[in-house]
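This report describes a single protein chain, from its overall form to selected residues. The sequence and the structure are shown first.

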Amino acid sequence: MHCEKYIAGECRSCQWLEFSPEQQITQKQQQLSALLPTIDPAIFAPPVTGPQTGFRNKAKMVVSGSVERPILGIIGKDGAGVDLTGCPLYPTAFSEVFSVLTPFIAKAGLTPYNIERRRGELKHVLLTQSWHTGQFMLRFVLRSEKKLEQLKNALPWLQAQLPQLGVITANIQPVHMAILEGDEEIFLTEQHTLREEFNQVPLFIRPQSFFQTNPVVAAKLYQTARAWVNALDIHSMWDLFCGVGGFGLHCAEKDTRLTGIEISAPAIASAQQSADEIGLKNVEFKALDSTHFATAHQDIPQLILVNPPRRGIGKALCDYLSHMQPKYILYSSCNAQTMAQDLQLLSGYQVCRVQLFDLFPHTAHFEVLTLLKRKNN
């Protein structure tokens with residue numbers, strides 16, 4: 001992938017850009033194998049890859065510069081803004097939105113936030129696209145509500161220029177820290193969700209709920225999970241750290257008892273919306289801490305799905321699973337190191353399948369899906 005910003009040293013987010021796609025995958029597979037040295041190499045399925053450019057469905061832009069000439073991108077090492085609107089990771093549809101956003105920021109009088117001076121109002125612009133509908137979610141992260149009325153008054157012009165903006169919000173983040181967003185979300189449109197679809201499964205994206213940033217490879221990840229689980233004759237499962245329910249909704253059959261747990265209430269609302277549309281009746285989603293939920297129960301399902309954040313599932317949940325011994329555990333991880341640590345803590349299980357999914361090309365990061373089976377079956 002050719003990137004002028006990388007060549008100029010202005011952006012190094014893609015740390016592995018100098019490696020070919022083949023070299024990147026080889027190194028990632030070697031890293032994964034080194035973290036799981038006791039597993040038979042024959043168990044590792046071939047890595048799953050996707051597009052090398054234009055694959056992201058989300059852009060997180062720091063807003064710098066001036067109100068007349070805002071810069072959308074990152075803050076460079078010298079403290080100056082770096083324009084990333086032409087980043088080759090974004091689909092071409094993002095360019096049209098960015099080109100209109102720049103004059104809109106001036107039109108609405110949204111002064112970019114200056115970190116050193118602690119002045120200004122507009123901190124970030126967050127853009128997400130549904131690849132199924134083509135619609136966008138646009139979120140303005142503001143320091144306060146001071147410019148909210150100005151934003152609302154200017155919005156009709158923006159919507160006329162960009163009718164593909166389905167959801168528009170203002171997020172209030174008052175803290176002078178490197179925090180992407182705040183707790184308060186103010187909807188500026190009647191529509192509150194983006195409808196996405198992977199493998200004929202509807203998924204709904206809301207502000208502040210986690211969603212995979214690489215739709216092509218994410219769809220393959222969910223499809224693989226479904227195939228693995230469907231081969232096991234499962235009738236009851238938990239989906240812990242479920243997000244918007246992607247794994248559970250893909251893996252559950254019509255008669256499967258599915259409980260999905262996620263700390264984010266917006267994500268749970270999205271998961272329930274999907275289940276209702278699919279027509280799954282034996283499903284419930286709850287906005288709770290996954291570890292607290294699991295360890296409070298003595299009746300366990302046949303299969304437990306876990307898709308934790310980078311920190312992994314942790315000792316408490318590993319100890320609980322080792323003690324309760326569900327028949328199967330399906331572990332999806334965005335951090336193979338913490339997953340490997342968790343697998344060492346999960347006593348009484350053997351690894352049946354492992355597969356790497358390259359959701360993050362040009363970086364050292366990847367997703368890995370692992371199926372574990374109770375040894376005393």
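## Contacts of Phe187

Two residues are taken to be in contact when heavy atoms lie within 4.5 Å. On that basis, and leaving aside residues up to four places away in sequence, Phe187 touches Val167, Ile168, Thr169, His192 and Pro207. The model in which these contacts are found is a predicted one.

Phe187 belongs to strand E8, which covers residues 184-187. With a relative accessibility of 31%, Phe187 counts as partly exposed, because that class lies between the limits of under 20% for buried and over 50% for exposed. Arg139 is 48 residues away from Phe187 along the chain, and the C-alpha atoms of the two are separated by 9.1 Å.

## Overall form of the chain

The protein chain contains 10 helices and 17 strands. Its radius of gyration is 22 Å, close to the 21 Å given by the globule rule for 377 residues, so the chain is as compact as a globular protein of that length. Along the principal axes, the C-alpha atoms of the chain fill a box of roughly 70 × 45 × 35 Å.

Of the 377 residues, 54% count as buried. When contacts between residues at least 6 apart in sequence are considered, 67% of them join residues at least 24 apart.

## Packing of helices H3 and H4

Two packed helices are described by the angle between their axes and by the distance between those axes. Helix H3 (residues 92-108) packs against helix H4 (residues 148-161) at an angle of about 150°, and the axes are 9 Å apart. Since angles over 145 degrees count as roughly antiparallel, H3 and H4 are therefore roughly antiparallel to each other. The crossing of H3 past H4 is right-handed.

On the H3 side, the contact is formed by Val100, Leu101, Pro103, Phe104, Lys107 and Ala108, which meet Gln150, Leu151, Ala154, Leu155, Trp157, Leu158 and Gln161 of H4. Sorted by class, the residues of this contact comprise 10 nonpolar, 2 polar and 1 charged.

## Positive phi at two glutamines

Most residues other than glycine have a negative phi. Gln208, although not a glycine, has a positive phi of about 70°. Gln208 is located in the loop between strand E10 (201-205) and helix H5 (215-230), and it is partly exposed, with a relative accessible area of 28%.

Gln325 also has a positive phi, near 55°, and is a residue other than glycine. The loop that holds Gln325 runs between helix H9 (314-324) and E15. Gln325 counts as buried at 17% relative accessibility, because the limit for that class is under 20%.

Which loop contains Cys334? Cys334 lies between strand E15 (328-333) and helix H10 (336-345). Cys334 touches Pro308, Pro309, Arg310, Phe366 and Glu367, residues up to four places away in sequence not being counted. One of these, Arg310, is 24 residues from Cys334 in sequence, with a C-alpha to C-alpha separation of 6.0 Å.

Gln337 is placed in helix H10. Is Gln337 buried or exposed? Its relative accessible area is 52%, and Gln337 is accordingly classed as exposed, the limit for that class being over 50%. Gln337 and Val283 are 54 residues apart along the chain, and their C-alpha atoms are separated by 32 Å.

Technical notes:
Residues are numbered from 1 along each chain as its sequence is written. This is a predicted model: local features need pLDDT of at least 70, side-chain atom pairs count only at pLDDT 80 or more; totals for chains, interfaces and linings use all residues. Side-chain values use heavy atoms; hydrogens and water are left out. Axes are lines fitted to C-alpha atoms, for helices over the stretch in contact, and angles run from 0 to 180 degrees between N-to-C directions. Helices (H or I, at least four residues) and strands (E, at least two) are DSSP runs, numbered from the N terminus. Angles under 35 degrees count as roughly parallel, over 145 as roughly antiparallel, 65 to 115 as roughly perpendicular and the rest as oblique. A crossing is left-handed if the near helix is turned anticlockwise from the far one by less than a right angle, and right-handed if clockwise. Ala, Val, Leu, Ile, Met, Phe, Trp, Tyr, Cys and Pro count as nonpolar, Asp, Glu, Lys and Arg as charged, and the others, Gly among them, as polar. The radius of gyration is taken over C-alpha atoms; the globule rule is 2.2 Å times the number of residues to the power 0.38. Buried means under 20% relative accessible area, exposed over 50%, partly exposed in between (1.4 Å probe, protein chains only).
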